[in-house]
Amino acid sequence: MLSAKALDSDGSSIRGFQEIQESDMLVVPDPTTAFLDPYSPASTLVLICNIRDPVTGQPYSRDPRYIAQKAETYLKGTGRADTSYFGPEAEFFVFNDVRYGQGINYAFHEIDSSEGSWNTGKEEAPNLGHKPRPKEGYFPVPPTDSMQALRTEMVLTMEQLGIQIEAHHHEVATGGQNEIDMRFTTLTRMADNLMIYKYVVKNTARQHSMTATFMPKPLFEDNASGMHVHQSLWKGETNLFYDKARLCRVEPARPLLHRRSVDPRLGVVRALRPDHELLSASGARLRSSDQSGLFPAQPLGLLPDSDVFAEPAGKAGRVSLAGSLLQSLSGLCRDADGRSRWHHQPDRSGQPDRQEPL
């Protein structure tokens, strides 16, 4: 039987953790997460760990896993729900060659893929064609989808490690964009699964002399990679997102995304067109909302079943996204203290776009 023996760790070597004068941290393995590494030539046990303070023994406040655990505990304490489920759809590219460099007199990067549309005229002895054009990769069957067998291998490995998979397919972009969808589970468990997911994707690609990346925007003028996340709250056996007498009476989709939230990697913002309103659409048939935090101080009322994508292009400027991580955090902090209800003010004589609390 595995024991959770704490191991010493240098917190100052992890950006954002500890200063050098207080670098000692404890890493405590979680025995329930153990699995054998499918890629190591020697038998190697992998465990996901929690971080603790070596003096107090308390969980470390900046440990992402502890933050997820606290969120789950807080949810139960509210009495609104006792379980939250998350089902991410992580997208990624698989390339055959990646080169980059920078020196005193040069800078470059170059990506290549055997299925890239730019290789239709390449001498491949022979070139068999079947290369998806930009924005036409969703989703053909083989041989145009050259990643089918590779994704299947990834899926089988994930399932051997205990991750339930619902589907996999080629994504929109040319050049090897893919998606594998995991079955939803609780927040901390899904966060663990996503780390394993990325490990499996990258190492399976490596075994085939390819390289996988979750970089938001590796290709110019084609679709970027993102991660839709399906979310739901449950009270016992009741899905609160489905029961119209409960949360869905307040908002059809609930406020899962803050209007000023951005991906912490920031690069995702670069993937959006100036008029792209996906992150701020609030229609009942869309998978995201522009409203504020999950537990607002007052009911927000019913949302209109509107289609923002059908509106004239000139109206796209009505909705703004965060331009920086600082703006995003500022908006989320307002959610946290209950002053979270927002509405958009009209343009003020050419002044920068802004939002005001009600």
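Author: Start with Met 158, which touches Ile 163, Ile 165, Ile 180, Tyr 197, Val 200 and Val 201, leaving out residues up to four places away in sequence. Contact here means heavy atoms within 4.5 Å. A word on the source: this is a predicted model, where local features need pLDDT of at least 70 and side-chain atom pairs count only at pLDDT 80 or more, while totals for chains, interfaces and linings use all residues. Residues are numbered from 1 along each chain as its sequence is written, and side-chain values use heavy atoms, with hydrogens and water left out.

Reader: Which residues have the most contacts inside the largest nonpolar core?
Author: The general idea is that in soluble globular proteins, nonpolar side chains tend to be buried together. A nonpolar core is a set of buried Ala, Val, Leu, Ile, Met, Phe, Trp, Tyr and Cys residues joined through side-chain atoms within 4.5 Å. Buried means under 20% relative accessible area, exposed over 50%, and partly exposed in between, using a 1.4 Å probe and protein chains only. Here the largest core has 27 residues, and those with the most contacts inside it are Phe 92, Val 94, Met 154, Met 158, Ile 180, Tyr 197 and Val 201. Strand S6 (83–95), helix H2 (148–160), strand S10 (177–182) and helix H3 (187–207) each give two or more residues to this core. H3 gives the most, with seven residues. Those labels come from DSSP runs, numbered from the N terminus: helices are H or I with at least four residues, strands are E with at least two.

Reader: Which strands does S6 pair with?
Author: Two strands pair if DSSP finds at least two bridges between them. S6 runs antiparallel to S13 (residues 227–235) over eight bridges, with Ala 90 opposite Met 227. Five bridges join S6 to S10, also antiparallel, and there Glu 91 stands opposite Glu 179. S6 also has antiparallel pairings with S12 (residues 211–213) over three bridges and with S11 (residues 185–186) over two. As for burial, 11 of the 13 residues of S6 are buried, so the strand is largely enclosed by the rest of the structure.

Reader: Where do the buried residues of H1 fall, seen down its axis?
Author: In H1, the buried residues are Arg 65, Ala 68, Glu 72 and Leu 75. They fall within an arc of 85 degrees, so they line one face of the helix; the arc is that of the directions from the helix axis to the C-beta atoms. On the other side, Thr 73, Tyr 74 and Gly 77 are exposed. Among the elements covering the buried residues of H1 are S6, H3 and S13.
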